[in-house]
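Keep the structure in view while reading.

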Amino acid sequence: MDAIVDICKRRNLILIEDCCEALGAYYDGKAVGKFAASHLQLYFSHHLTTLEGGITVTTISSWPS
């Protein structure tokens with residue numbers, strides 16, 4: 001994850017994490033889903049479900065133009 005975050009920072013890319021199967025997980029002391037924009041799929045076979053759809057959350061205050 002550190003290498004991916006570093007590449008995205010150097011190239012001014014937006015990182016989107018797919019963390020639908022990692023609720024409550026941590027990587028290197030940081031909660032999964034807090035590295036960048038995160039996506040949670042809400043399909044019926046996942047931990048959170050509405051049977052369809054998904055949620056994308058972010059703490060990014062300004063997107064690159």
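Strands are DSSP runs of E with at least two residues, and they are numbered from the N terminus. The model discussed here is predicted.

Q: In which strand is the place of V57?
A: Strands are numbered from the N terminus. The strand that holds V57 covers residues 54-57. That makes the place of V57 strand β5.

Q: Which residues is V57 in contact with, leaving aside its neighbours within four places in sequence?
A: V57 is partly exposed, at a relative accessible area of 41%. Its C-alpha atom is separated by 9.4 Å from that of K34, 23 residues apart along the chain. With neighbours within four places in sequence left aside, the contacts of V57 are A36, A37 and S38.

Q: In what order do the elements of the protein chain run from the N terminus on?
A: The chain has one helix and five strands. The helix is α1, residues 2-10. Read from the N terminus, the order is α-β-β-β-β-β.

Q: What percentage of the residues in the protein chain is buried?
A: A residue counts as buried under 20% relative accessible area. The protein chain has 65 residues. Its accessible surface comes to about 4900 Å², with 56% belonging to carbon and sulfur atoms. The buried share of the residues is 23%.

Q: Which residue forms a salt bridge with R10?
A: A search of the whole structure finds one salt bridge. The closest N and O atoms in the R10 pair are 3.1 Å apart, within the 4 Å cut-off. The partner of R10 is D6.

Q: Is D6 exposed, partly exposed or buried?
A: Exposed means over 50% relative accessible area and buried means under 20%. R10, at 57%, counts as exposed. D6 has a relative accessible area of 37%, so it is partly exposed.

Q: Which side chain of opposite charge is nearest to E17?
A: E17 lies in strand β1. E17 is buried yet has no salt bridge. The nearest side chain of opposite charge is 7.3 Å away, and it belongs to K30.

Q: Which residues is E17 in contact with beyond its neighbours within four places in sequence?
A: E17 is in strand β1, which covers residues 16-18. Neighbours within four places in sequence are left aside here. The contacts of E17 are M1, V32, G33, K34, F35, A36, A37, S38 and H39.

Q: Which residues make up the largest nonpolar core?
A: V5, in helix α1, counts as buried at 18% relative accessibility. Leaving aside neighbours within four places in sequence, V5 is in contact with L15 and F35, while C8 is in contact with L13 and L15. The core has five residues: V5, C8, L15, F35 and A36.

Q: How many Å separate the C-alpha atoms of V5 and L15?
A: V5 lies in helix α1. V5 and L15 are ten residues apart along the chain. Their C-alpha atoms are separated by 7.2 Å.

Q: What accessible area do M1, I4 and Y27 have together?
A: These residues form a nonpolar patch on the surface. I4 is found in helix α1. At 43% relative accessibility, I4 counts as partly exposed. Together the patch residues have about 240 Å².

Q: What is the phi of N12?
A: Most residues other than glycine have a negative phi. N12 is not a glycine, yet its phi is positive. N12 lies in the loop between α1 and β1 and counts as exposed at 54% relative accessibility. The phi of N12 is about 55°.

Q: Where is the place of D28?
A: D28 has a positive phi near 55° and is a residue other than glycine. At 66% relative accessibility, D28 counts as exposed. Its place is in the loop between β2 and β3.

Technical notes:
Residues are numbered from 1 along each chain as its sequence is written. This is a predicted model: local features need pLDDT of at least 70, side-chain atom pairs count only at pLDDT 80 or more; totals for chains, interfaces and linings use all residues. Side-chain values use heavy atoms; hydrogens and water are left out. Helices (H or I, at least four residues) and strands (E, at least two) are DSSP runs, numbered from the N terminus. Buried means under 20% relative accessible area, exposed over 50%, partly exposed in between (1.4 Å probe, protein chains only). Patches are made of residues with over 30% relative accessible area and no salt bridge: like charges are joined within 9 Å, nonpolar side chains (Val, Leu, Ile, Met, Phe, Trp, Tyr) within 5 Å. Accessible areas come from the Shrake-Rupley method with a 1.4 Å probe; for residues, only the protein chains shown count as cover. A nonpolar core is a set of buried Ala, Val, Leu, Ile, Met, Phe, Trp, Tyr and Cys residues joined through side-chain atoms within 4.5 Å. Contact means heavy atoms within 4.5 Å. Lys and Arg count as positive and Asp and Glu as negative; His and the chain ends are not counted.
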